[in-house]
Amino acid sequence: MSALFARVFRQAWTTFEHAGAAGAGDGKFASNLQTLRRLVDQLTLADIGLEPSLVATETFQQPTKAPCTYVGVFENDRFAMSVFVLRENYTMPLHDHPQMYGLLRVVSGAVQICSYSEVARRDSIESEGGGGGGGTHRRHVLVAAEPEKIISAALGDCAVLTPTERNYHEITAIGGPAAFFDILSPPYNSSNQAQYYFYRKVPVPRHLAEMEPVGFGAPDKPSIHGGDERPRYVLETIPNPEHYYCDTVHYAMPEFMHYHQGTSTTSDRSG
């Protein structure tokens with residue numbers, strides 16, 4: 001474990017200590033987040049204390065190996081840290097990060113990230129029949145596609161998502177297995193955190209893409225996107241994909257985290 005990772009942890013604690021009351025307009029929070037990003041940009045697999053064998057091609061050639069490995073590093077009610085390792089060419093399904101801030105740093109290999117920002121949404125309950133009064137929750141989200149991004153361990157850069165920008169994404173390992181470290185705030189298991197969903201992408205006709213459609217909670221009139229030419233899609237919720245499941249690896253908590261261990265909780269985002 002490195003001194004750099006200790007600094008990342010302490011800066012994350014400082015950044016998200018009062019994040020519930022903070023936002024993009026909070027200068028102190030924005031400054032802390034930028035400092036955290038600069039530190040995360042430098043992280044390596046060794047800094048976190050993980051072995052290179054975790055990302056070895058041979059590891060994923062074992063017949064019973066899941067396409068994804070999950071390492072829960074730390075979680076409390078403020079933020080969560082974890083590492084995901086993806087098999088070559090495997091895509092972590094399209095999912096959301098509701099009302100979250102997040103930083104994603106590739107620490108081995110390379111990934112392609114396809115991200116989307118929400119424009120509007122519609123929630124509905126589809127009847128299951130039988131007169132029982134129940135139904136299935138459906139969410140349709142109109143999104144703008146962000147430019148695809150390729151991030152590698154060599155580039156020294158991380159991806160950032162906010163409660164309103166790039167917080168829908170899918171991640172693909174390219175050129176071999178890849179591992180990425182992420183920090184999310186608030187964590188998925190937080191008591192006040194909205195449920196997360198998986199989605200499928202549906203193209204939107206151009207004439208609808210230029211409007212905020214009726215039924216998405218917006219006025220029945222064209223929107224002015226200020227020359228925004230980003231492609232529009234509708235994302236539709238789907239059940240958890242059967243192909244998405246993870247092996248889990250125990251993480252040996254470093255000494256500098258022990259002080260906060262009493263306020264941490266068990267995290268499981270492994271599908």
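Biologist: In this predicted model, is Q99 buried or exposed?
Modeller: The relative accessible area of Q99 is 53%. The cut-off for an exposed residue is over 50%, so Q99 counts as exposed.

Biologist: Where does Q99 lie, and what is its phi?
Modeller: Q99 belongs to the loop between β3 (91-96) and β4 (101-127). Although Q99 is not a glycine, its phi is positive, at about 55 degrees.

Biologist: Which residues does the cis peptide bond join?
Modeller: P186 is placed in the loop between β8 (168-185) and β9 (198-203). The omega of the cis bond is about -5 degrees. The two residues joined are S185 and P186.

Biologist: How many disulfides does a search of the whole structure find?
Modeller: The cysteine sulfur closest to that of C68 is in C246, at 3.0 Å. A disulfide needs the two sulfur atoms within 2.5 Å, so the sulfur atoms of C68 and C246 are too far apart for a bond. For the whole structure, the number of disulfides found is zero.

Biologist: Is C68 buried or exposed, and what is the relative accessibility of C158?
Modeller: C68 has 0% relative accessibility and therefore counts as buried. C158 is also classed as buried, because its relative accessibility is 0%.

Terms used
Residues are numbered from 1 along each chain as its sequence is written. This is a predicted model: local features need pLDDT of at least 70, side-chain atom pairs count only at pLDDT 80 or more; totals for chains, interfaces and linings use all residues. Side-chain values use heavy atoms; hydrogens and water are left out. Helices (H or I, at least four residues) and strands (E, at least two) are DSSP runs, numbered from the N terminus. Buried means under 20% relative accessible area, exposed over 50%, partly exposed in between (1.4 Å probe, protein chains only).
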